[in-house]
Amino acid sequence: MIFRKGILNTHSGEVLFLFRLVDLIVVLAVGIISYYIVNGALPSSPQEKIFILFAILGFAIFSEWLGVYASGRGRRITSELMRVALIGILTFSLAYLLRYFLEGTGKITNLYGWLGFWFFGLLAAQVGFRFALRRVLGTLRARGFNLRHV
């Protein structure tokens, strides 16, 4: 009976926190995996670690700014995917600009290849995650859970 009353709605703060946390973990994981694919090793220099940190922070800031965590109820998936793509473009534009500030302290190995793999990998992961989330929510609603009555 507790699920029928809207467990997602009553715990929306925790759900949104978890959603944000998963997004940031995905950004980190895809960044490290992309670096490994391009360079055959894990990021080890301080410049590369700072670069990853700023990309994660940029992603978090742009996600909040563009309202990606607002309720998607009634919104088309294409609208959400356009926001995700824009967040990726803004994040990696910021990361590219950051390269100029870090360049004097040491070079980042294969930066362009890394950014390319990271951008497209992150875009694929974000799109997949959002499709899966919508699928789960659709299934829950079809079974009578998490409904809104007017």
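**Labels put to the test**

Mentor: Start with α3. This helix has 20 residues and reaches 28 Å from its first C-alpha to its last, close to the 28 Å expected at 1.5 Å a residue. Keep in mind that the model is predicted.

Trainee: How is the expected span of a helix worked out?

Mentor: Take 1.5 Å times one less than the number of residues. For α3, that expected value is 28 Å, and the helix reaches 28 Å.

Trainee: What is Ser 63 in contact with, leaving aside its neighbours within four places in sequence?

Mentor: Val 68, Tyr 69 and Ile 87. Contact means heavy atoms within 4.5 Å.

Trainee: Which other residues of α3 are buried?

Mentor: Among them are Phe 51, Ile 52, Ala 55, Ile 56, Phe 59 and Phe 62. Gln 47 and Glu 48 are on the list too.

Trainee: Leu 53 is also in helix α3. Why does Leu 53 count as partly exposed?

Mentor: Buried stops under 20%, and exposed starts over 50%. Leu 53 has 47% relative accessibility, so this residue falls in between.

Trainee: What makes Leu 53 part of a surface patch?

Mentor: A patch residue needs over 30% relative accessible area. Leu 53, at 47%, therefore passes that cut-off. The nonpolar patch also holds Ile 50, Phe 54, Leu 57 and Ile 61, with about 450 Å² of accessible area together.

Trainee: Now the core. Which residues touch the most other members of the largest nonpolar core?

Mentor: Phe 51, Phe 92, Trp 114, Leu 115, Trp 118 and Leu 122, out of 24 residues. Helices α2, α3, α4 and α5 each supply at least two residues of this core.

Trainee: What does Leu 122 touch, beyond its neighbours within four places in sequence?

Mentor: Leu 122 is in contact with Val 26, Val 27, Val 30, Phe 59 and Phe 92. In soluble globular proteins, nonpolar side chains tend to be buried together.

Trainee: How do you know that the chain is helical, and how much of the chain is buried?

Mentor: The count is five helices and zero strands. Of the 150 residues, 31% count as buried.

Trainee: And which contacts span the sequence?

Mentor: Take contacts between residues at least 6 apart in sequence: 79% join residues at least 24 apart.

Key: Residues are numbered from 1 along each chain as its sequence is written. This is a predicted model: local features need pLDDT of at least 70, side-chain atom pairs count only at pLDDT 80 or more; totals for chains, interfaces and linings use all residues. Side-chain values use heavy atoms; hydrogens and water are left out. A nonpolar core is a set of buried Ala, Val, Leu, Ile, Met, Phe, Trp, Tyr and Cys residues joined through side-chain atoms within 4.5 Å. Buried means under 20% relative accessible area, exposed over 50%, partly exposed in between (1.4 Å probe, protein chains only). Helices (H or I, at least four residues) and strands (E, at least two) are DSSP runs, numbered from the N terminus. Patches are made of residues with over 30% relative accessible area and no salt bridge: like charges are joined within 9 Å, nonpolar side chains (Val, Leu, Ile, Met, Phe, Trp, Tyr) within 5 Å. Accessible areas come from the Shrake-Rupley method with a 1.4 Å probe; for residues, only the protein chains shown count as cover. A salt bridge is a side-chain nitrogen of Lys or Arg within 4 Å of a carboxyl oxygen of Asp or Glu.
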